[in-house]
Amino acid sequence: MIELGKGIGYDMGSWSLRFAAWFEKYMFAIIPMTLIIGIIFSELFLPFVSWVPYLFGFVTFVMALGCGLTHLKNVVYKPLPVFITLLLAHVLTPLIAFAIGAALFGPSSDYTVGLVLFSIIPLGVSSVLWVGMSYGSVPLMLAMVVVDSALSPLTVPGLIELFFGTAIKFDTVSLMKDLLLIIVVPTVLGVTIYEISKGRFKAWSAPVTLPISKIFFAAVVLLNAAAIAPHMRTLETSVILASIAVVLLVALCYCIGFAGSYLMRNVSREIRVTMSYAAGMRNISLGLVLAMGYFSPQAAIPVVLGIMVQQPLATLHHALLQRFVPVQKEEM
């Protein structure tokens, strides 16, 4: 009976890990489909929108379980790739986003706010997956996500104020508190558990935490899509311009990250790959939470569109890297 129990437990754990791997492999299709389902069946999911911060906090916690002080020390010892990446992602890219938005919609337009918001939210957790598949530096990418997430209570409201000043009104203090609760606290908790368990907790808990985090990640997108659905249905033709702007902005983000790696001398392929994904991918589910909580529904539109294009463009970026920057055998 004991052996049978062990067998059942092993099978369940193996199945859950296979599910998590399957989700990661097909995330480029799963997330846009989840978004569409949330919009179509919005009335069914609207009562659960208040769950979003808790679901998102768990996803952040699981991400942080893979990062310890050793990873963060490497950032301190070799800070240049991190510094350049964050400079590109949160200074150059927002300037480009603002310029595109101002040219197409006007400097104070909600669409412009949404484009800038997309560019200043923290680096995306899913970038870790793509960096791994492209033989980049997973520890560096993970550390950058953690550091950027920890800084978000200061950078996000600060950059919004810098770009728009009094043109838009939002509760800065509440925004900072929410970012602390759904980003910083789960991150600190995850890193602490990593250190206490010497990294073993992540492997031990993976059969449970990994599939649940994938489901919760999709649920955040689903519920936010439901919340924004009534406004999506009344959009004017300006959404076409917004779609073009988002595709252009996301594509530029990948290019900027890769080109920016040439600001350093003698940089390895894995660092170039890591910086390109880091600059290209954002934590869009967080962007939706912030857009729906603190800005107009129209400001959330570019973030929603970002969900539709970020993962497919990551797939294209991966193919281009394989074609033009092939991995060497000794790197594999």
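Mentor: Buried means under 20% relative accessible area. Keep that cut-off in mind; this is a predicted model.

Trainee: Why is Ser 127 called buried?

Mentor: Ser 127 has a relative accessible area of 0%. The cut-off is under 20%. Therefore Ser 127 counts as buried.

Trainee: Where is Ser 127 found?

Mentor: Ser 127 is in helix H8, which covers residues 127–133.

Trainee: What makes the pair of Ser 127 and Gly 124 a polar contact?

Mentor: A polar atom of the Ser 127 side chain lies 2.4 Å from the backbone oxygen of Gly 124. The limit is within 3.5 Å, with one atom able to donate a hydrogen and the other to accept it.

Trainee: Which residues is Ser 127 in contact with, leaving aside neighbours within four places in sequence?

Mentor: Met 141, Val 145, Tyr 277 and Met 281. Met 141 and Tyr 277 are also among the residues with the most contacts inside the largest nonpolar core, which has 100 residues. Helix H9 (residues 138–164) gives the largest share of this core, 12 residues.

Trainee: How do you know that there is a cavity of 30 Å³ or more?

Mentor: The count comes to one. The largest cavity has a volume of about 160 Å³. Its lining has 17 residues; Phe 217, Arg 282, Ile 284, Ser 285 and Gln 310 are the closest to its centre.

Trainee: Which helix gives the most to the lining of the largest cavity?

Mentor: H15, with four residues. By class, the lining has eight nonpolar, eight polar and one charged residues.

Methods. Residues are numbered from 1 along each chain as its sequence is written. This is a predicted model: local features need pLDDT of at least 70, side-chain atom pairs count only at pLDDT 80 or more; totals for chains, interfaces and linings use all residues. Side-chain values use heavy atoms; hydrogens and water are left out. Helices (H or I, at least four residues) and strands (E, at least two) are DSSP runs, numbered from the N terminus. Buried means under 20% relative accessible area, exposed over 50%, partly exposed in between (1.4 Å probe, protein chains only). Contact means heavy atoms within 4.5 Å. A nonpolar core is a set of buried Ala, Val, Leu, Ile, Met, Phe, Trp, Tyr and Cys residues joined through side-chain atoms within 4.5 Å. On a 1 Å grid over the protein atoms alone, a cavity is a set of points where a 1.4 Å probe fits but cannot get out, and a pocket is an open set with protein on both sides within 12 Å along at least five of seven lines; lining residues have an atom within 4 Å of a point. Grid points are joined across faces, edges and corners, and a volume is the space filled by probe spheres set on the points. Ala, Val, Leu, Ile, Met, Phe, Trp, Tyr, Cys and Pro count as nonpolar, Asp, Glu, Lys and Arg as charged, and the others, Gly among them, as polar.
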